[in-house]
Amino acid sequence: MKTLCLTALLGFALQTGVAQAQERFSPFVPSDQDNVERMLKLAQLKDDDVVVDLGSGDGRIVLTAARMNKKLRGFGVDIDEKLVIESNAAARAQGVADRVQFFHRNAFDADLREATVIAMWLWPEFQILLRPMILAQARPGTRIITNLWDLGSWKPDVEDLEPARVSLWVVPARVEGNWSWELTIDGRPIAYSAITEQHFQVVEGVVRTGNRREVLQDIKLRGEDISFTLMLTIDKVGFVRHAFRGKVHGDTIEGTASVSLPPHEKTIELPWRATRTATSAYFDPTGTNVE
């Protein structure tokens, strides 16, 4: 197991009265090379990747990634200064020091904004402690790879269980909240008001148009890519089948809506742009006049 970069290891408080900043730590045990390669294959490395290892130990994950792909970049952070020095020496010896570097740094202080692949092999509690930082800093679509341990209630997107478990997660875009959009259907502007709830990559949602409400079906979220379907009766149009697909960019989603109108003999493609809003017309009074 690789060493987690911590502000202090277990021990007595310093005589100055400053207590240790972190009660848990992960001792360094070298990662199995076969599992390292399996993790990196799961990540499907790309030329423009930036591989970051939190608790990099002897550096083998980032160094192996640099050998597997001659263009990617990467860095590791570790609390053990001796391991950091040795890892940088290995990068020079292997001719990848122009693309790979290791830092004597706390993992909780690592800058993950540039990362596209984040590797960890730490005690499961530590991986969960780092989870909020990853979700706060890493861009949607960033892949996370781990050896053996998981990320708690955040279920992996992909797992390879044999001969030992390696797992991959994709950082999801944040889509929870109120969303509104408009489609021109049969020559009429139709307003939609949706509300979504999110637990990592699992999303549920409901939508309203006019006085009718319906559940969003088959919602899929992977990184910034989102898709879902909607079957809803629209006043003066009839039963309409929708299939939405788009990319999340902060408080907007842009993509296309495939719409099938009665008698459903053909499907039309419409531009789709949804905006996150502070309030939602979903909650407006409905009344008792139901057609």
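On a 1 Å grid over the protein atoms alone, a cavity is a set of points where a 1.4 Å probe fits but cannot get out, and lining residues have an atom within 4 Å of a point. The model here is predicted: local features need pLDDT of at least 70, side-chain atom pairs count only at pLDDT 80 or more, and totals for chains, interfaces and linings use all residues. Residues are numbered from 1 along each chain as its sequence is written.

**Exercise 1.** Let's find how many cavities of 30 Å³ or more the whole structure holds, and how much space lies in the largest cavity.

*Solution.* Step two: the largest cavity has about 80 Å³ of space, where a volume is the space filled by probe spheres set on the grid points, joined across faces, edges and corners.

**Exercise 2.** Now work out which residues line the largest cavity, and how they divide into nonpolar, polar and charged.

*Solution.* Start with the names: the lining consists of Val175, Trp179, Trp181, Ala194, Thr196, Leu216, Ile219, Ile226, Phe228, Ile253, Trp272 and Ala274. Next, sort them by element: β8 (177-185), β9 (188-199), β13 (225-234) and β16 (267-277) each give two or more residues; strands are DSSP runs of E, at least two residues, numbered from the N terminus. Finally, classify: eleven are nonpolar, one is polar and none is charged. Here Ala, Val, Leu, Ile, Met, Phe, Trp, Tyr, Cys and Pro count as nonpolar, Asp, Glu, Lys and Arg as charged, and the others as polar.

**Exercise 3.** Describe the span of the chain along its principal axes.

*Solution.* Take the C-alpha trace: the chain spans about 75 × 45 × 35 Å.

Methods
Side-chain values use heavy atoms; hydrogens and water are left out. On a 1 Å grid over the protein atoms alone, a cavity is a set of points where a 1.4 Å probe fits but cannot get out, and a pocket is an open set with protein on both sides within 12 Å along at least five of seven lines; lining residues have an atom within 4 Å of a point. Helices (H or I, at least four residues) and strands (E, at least two) are DSSP runs, numbered from the N terminus.
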